[in-house]
Amino acid sequence: MTPFTLTCSCLLRKKDCLQKVFIYCNVLQTQSSLTWNLSNRAPWMAGSGQRNFSAMSTRVGQVLAQHQPLKNYAATMCTGSAGGQDLTNWLWSVYNETKKQTEDLIPVITKNSVNPDTIFANNEMSLQDIEIYGFDYDYTLAFYSSHLHTLIFNIARDILIQEHRYPEGLREYEYIPNFVVRGLHYDVQKALLMKIDAFHYIQLGTVYRGLHPVPDQEVIAMYEGSHVPLEIMSDFYGKSSHGHTMKQYMDIFSLPEMTLLCCVNDYFMKHNIDYEPVHLYRDVKRAIGQVHVKGLMYRAVEADIEKYICYGEQSHAVLKKLYESGKKMFLITNSPLDFVNRGMNYMVGKDWRDLFEVVIVQADKPGFFNDRRKPFRRVTDKGGLLWDRIHRLEKGQIYKQGNLYEFLRLTGWRGSKVLYFGDHIYSDLADLTLKHGWRTGAIIPELRKEIKIMNTEQYVHMMTWLQGLTGLIEHMQVHRDPASQAVVREWIKERETMRSQTKDIFNAQFGSLFRTYHNPTYFSRRLSRFADIYMPSISCLLNYDFQHTFFPRRTPLQHESPFWPEQTSAGALDMPFQTHRTKSE
């Protein structure tokens, strides 16, 4: 009888050995090309009959035939010689085998890179059903260069010094690009900036006081763990109000505000100045608000528009395509008329109003979607306000404020035939999808950069091995002898190092906008709830015809087996979009 036959014969007689080996087979599931599914419940869980036991032994035999380390360990299990050293050697052999198979996968995965110009779906939606397209202006139609963040930071910093009597030494601080990311939470009372996941857990290592990280143990002591209770989280719109001590920064304009908060905190701590964090938060918020309210930012952008506005020709191309396809369009923005008019003239031309059925400026979102009391007011070309009652919204006219309920009454644009795009998940999208049934599209400019990072061989290699190592730890933790536990602890340490590296590859301080290590971020959770589709820019619409249906990826739930092949959003694989366009285009 051959050694392999002896091994299987032994296993058939020793059911406890067979169960253990079956567990070890699962380790290689994601790395191997086995024809049977090892993620199903183990056969001995379904019953104690001999038929289940035989089926299990047959499956294990198939795996043993392919994997020498498993075959060797099965032999030691059968002979009863699985001592501490033998088991330790076997654990490392499985580790090496898993790592080798992971590395073999890298070339295949890197070939299937994601196209950053894809539109991704959270909810199934067909463009064939969309008759009316609505847009926000800032960071939706108009994209801004990084110079704008520097401008906002500098103006607000100077307002703090000149109007709020903050120290002159703050002028030493300049805007720090890429220090913060969108979606962070700020604890107003503790003056801490942090990233929180979808389950309200703080991602340790991403908590900053000023410009420096707070040690994990200090964070755990302050919050009695790493969980943030619901009652102190930000309110529905991410604001700190009604007893909430957290503020979530959700729009791109908030990046200079977060950076300024960190810089002022840093200055006070560096110079041992006692200060009240609540006052600091409110003063910075007020200073940032004045940058907009006083028109300081608007005038600076209008004076040098080529310096600040990017990708105008792409926005023009989208609007032109929609218009020529007979789609109706409208614009609802919080920005003032002069600012919008100057930008649209630059991007589209002086006849830009002809593209839109309705244009509303200074809408005061999100109040626009909820407050029924504010009527529309017509604005003249020179910015003057007329006092006449508005009985219909006319094409070519400009309107100020108003409210969505009156908008719906005057236009009749209700339900899922309307698709509205915006960059602020709360102020632009939440109420529309929850209360009014409009379809919503989130513009996430950061997405393009993150996808490009995820397409790199460095990231693919790191994440593939991280998943393999995690599976290894999950299955091998059953060994409770000291030698085996020491090996598993080494793996856990390696995993923690890799998790930090995957964070740093996106942003050294706060990591990815979309993930806290493995879990989705709080930002991701809100994005998936309030946006039917999301994309880096509206220019992505140019890659699809108006018959296209967007399908969300059917990701298996934790209790589901991945029976179906991995589904990828149409166009997500990095291939020419012509391959999935109609010939008539």
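**Helix packing in a predicted model**

In helix H13, the buried residues are Gly-312, Ser-315, Val-318, Leu-319, Lys-321 and Leu-322. Buried means under 20% relative accessible area, exposed over 50%, partly exposed in between, with a 1.4 Å probe and protein chains only. Helices (H or I, at least four residues) and strands (E, at least two) are DSSP runs, numbered from the N terminus.

A word on the source. This is a predicted model, where local features need pLDDT of at least 70, side-chain atom pairs count only at pLDDT 80 or more, and totals for chains, interfaces and linings use all residues. Residues are numbered from 1 along each chain as its sequence is written, and side-chain values use heavy atoms, with hydrogens and water left out.

Back to H13. What covers its buried residues? The cover includes strand S3 (132-135), strand S10 (309-310), strand S11 (328-332) and helix H14 (337-347). Contact here means heavy atoms within 4.5 Å. H13 runs over residues 312-324, and its 13 residues should span 18 Å at 1.5 Å a residue. The expected span is 1.5 Å times one less than the number of residues. The end C-alpha atoms of H13 are 18 Å apart, so the two agree. Just after H13, Gly-326 has a positive phi of about 80°.

Next, H10 and H11. Helix H10 (residues 277-293) packs on helix H11 (residues 296-303) at about 50°, axes 4 Å apart. Axes are lines fitted to C-alpha atoms, for helices over the stretch in contact, and angles run from 0 to 180 degrees between N-to-C directions. The pair is therefore oblique. Under 35 degrees counts as roughly parallel, over 145 as roughly antiparallel, 65 to 115 as roughly perpendicular, and the rest as oblique. H10 brings Gln-290, Val-291 and His-292; H11 brings Leu-296, Met-297 and Tyr-298.

Now H18 and H19. Helix H18 (residues 457-476) meets helix H19 (residues 482-504) at about 150°, with axes 10 Å apart. So H18 is roughly antiparallel to H19. Among the contact residues are Trp-465, Leu-469 and Ile-473 in H18, and Val-488, Trp-491 and Arg-495 in H19. By class, this contact has 12 nonpolar, 3 polar and 3 charged residues. Ala, Val, Leu, Ile, Met, Phe, Trp, Tyr, Cys and Pro count as nonpolar, Asp, Glu, Lys and Arg as charged, and the others, Gly among them, as polar.

Last, Ala-486, in helix H19. Buried or partly exposed? Ala-486 counts as partly exposed, because its relative accessibility is 29%. Ala-486 and Thr-88 are 398 residues apart in sequence, but 9.1 Å apart in space, C-alpha to C-alpha.
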